[in-house]
Amino acid sequence: MAGFLRRLMPKRFRKEGIVIPVVRLQGAIMTGGSQFRPALNLASTAQVLEKAFGFKDAPAVAISINSPGGSPVQSRLIFTRIRELAREKQKKVIVFAEDVAASGGYMIALSGDEIIADPTSIVGSIGVVSGGFGFPELLKKIGVERRVYTAGENKVILDPFQPEKEKDIEYLKTLQLEIHQVFIAMVRERRAGKLKDDETVFSGLFWTGTRGLELGLIDGLGDMRQELKKRYGSKTRLELVTPARGLFGRRIPGISSASLDGAASGFAAGLVETAEDRALWSRYGL
């Protein structure tokens, strides 16, 4: 509210100093989401990005990323929206990596004209991964018969309740390779002239910020506040941009008009989603 009122005042009455809008992108990247698992995707970020790039007098937008990755589609959509807004509003984009900006998180970081990380941040992981569980023997043990009827011989490809098939795995790897090539092309384009010729860069490995700087994956080491004050002056103010809320603020979490059965199933799904979310973060020791 203070930032809003300050912008309404005539410039001659405002305190001196440049205001830099800050957007914080936090969490695993995926479509949808729930109260149990807030999602980082285009739908959840579009509004704050529009607001941040709408700061008329700001020379740059600072984006803080803390994400272990997730959906390559949503990662690219967020990347594309940031670059479109940067061109449209003629703003510089400075990305700051927090604990981790890896896989899809690093893909989003590529939207920055510069990427700054802490020496202990985790960056990179330029690759594609798919995972799941197989239950081919479970149904037999609990006495359940699975019945699936399809039109199209490949409609149940990679069905977790059937034994793995070599041709299914080969097909999945083909898709992964295609997505990997898209990711590699993005890195080569955005890090042109900075990226070191090292065969491990596109292997899926991840590194600390210090090593990432040596490889050309990032542009510098530091933290947001000090870096922005160094660039734009000691009186530079950072203003966190957050989603708009209703008249009475955020709705208090609880059981809504949905049935108790629906709430229970949502809670169960939330537990599974939380486990999946933790698995993403744990890949990087977090």
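Predicted model: local features only at pLDDT ≥ 70, side-chain atom pairs only at ≥ 80, totals over all residues.

Reader: OK. How many helices and strands in the protein chain?
Author: Nine helices and eight strands. Helices (H or I, at least four residues) and strands (E, at least two) are DSSP runs, numbered from the N terminus.

Reader: And what share of the residues is buried?
Author: Buried residues make up 36% of the 286 in the protein chain.

Reader: Back to G127. Where does it sit?
Author: G127 is in the loop between strand 5 and helix 5. Its C-alpha is 5.6 Å from that of H180, and the two are 53 residues apart in sequence.

Reader: What does G127 touch?
Author: S103, H180, F183 and G204, not counting residues up to four places away in sequence. Contact means heavy atoms within 4.5 Å.

Reader: What about I126?
Author: With that same exclusion of residues up to four places away, I126 touches Y106, H180, F183, V187, V201, F202, S203, G204, L205 and L217.

Reader: And S125, buried or exposed?
Author: S125 is buried, with a relative accessible area of 3%. S125 is in the loop between strand 5 (122-124) and helix 5 (138-142). Its phi is positive, near 55°, in a residue other than glycine.

Reader: Where else is there a positive phi in a residue that is not a glycine?
Author: Q90, at about 55°. Q90 lies in the loop between helix 3 and strand 3. Q90 counts as exposed, at 72% relative accessibility.

Reader: Let's talk cores. Which residues touch the most other members in the largest nonpolar core?
Author: V23, F53, I63, I82, Y106, I126 and L217, out of 43 residues. A nonpolar core is a set of buried Ala, Val, Leu, Ile, Met, Phe, Trp, Tyr and Cys residues joined through side-chain atoms within 4.5 Å.

Reader: Which elements supply at least two residues each?
Author: Strand 1 (19-26), helix 2, strand 2 (60-67), helix 3, strand 3 (92-102), helix 4 (104-109), strand 4 (114-117) and helix 6 (166-190). Helix 3 gives the most, with five residues.

Reader: What is in the second core?
Author: That separate core has nine residues, including I20, A62, F96 and I116.

Reader: Now helix 2 and helix 3. At what angle do they pack?
Author: About 15°, with axes 10 Å apart, for helix 2 (residues 42-53) and helix 3 (residues 72-89). Axes are lines fitted to C-alpha atoms, for helices over the stretch in contact, and angles run from 0 to 180 degrees between N-to-C directions. So helix 2 is roughly parallel to helix 3. Angles under 35 degrees count as roughly parallel, over 145 as roughly antiparallel, 65 to 115 as roughly perpendicular and the rest as oblique.

Reader: Which residues make the contact?
Author: From helix 2, L42, T45, A46, L49, E50 and F53. From helix 3, Q74, L77, I78, R81, I82, L85, A86 and K89. They divide into nine nonpolar, two polar and three charged. Here Ala, Val, Leu, Ile, Met, Phe, Trp, Tyr, Cys and Pro count as nonpolar, Asp, Glu, Lys and Arg as charged, and the others, Gly among them, as polar.

Reader: How exposed is K89?
Author: K89 is partly exposed, at 37% relative accessible area.

Reader: Last one: V95. Where is it?
Author: V95 is in strand 3, and V95 counts as buried at 0% relative accessibility. Leaving aside neighbours within four places in sequence, V95 contacts I63, I65, A109, S111, G112, E114, I115 and I116.

Terms used. Residues numbered from 1 in each chain as written. Heavy atoms only, no water. Buried < 20%, exposed > 50% of the residue type's maximum accessible area, 1.4 Å probe, protein only.
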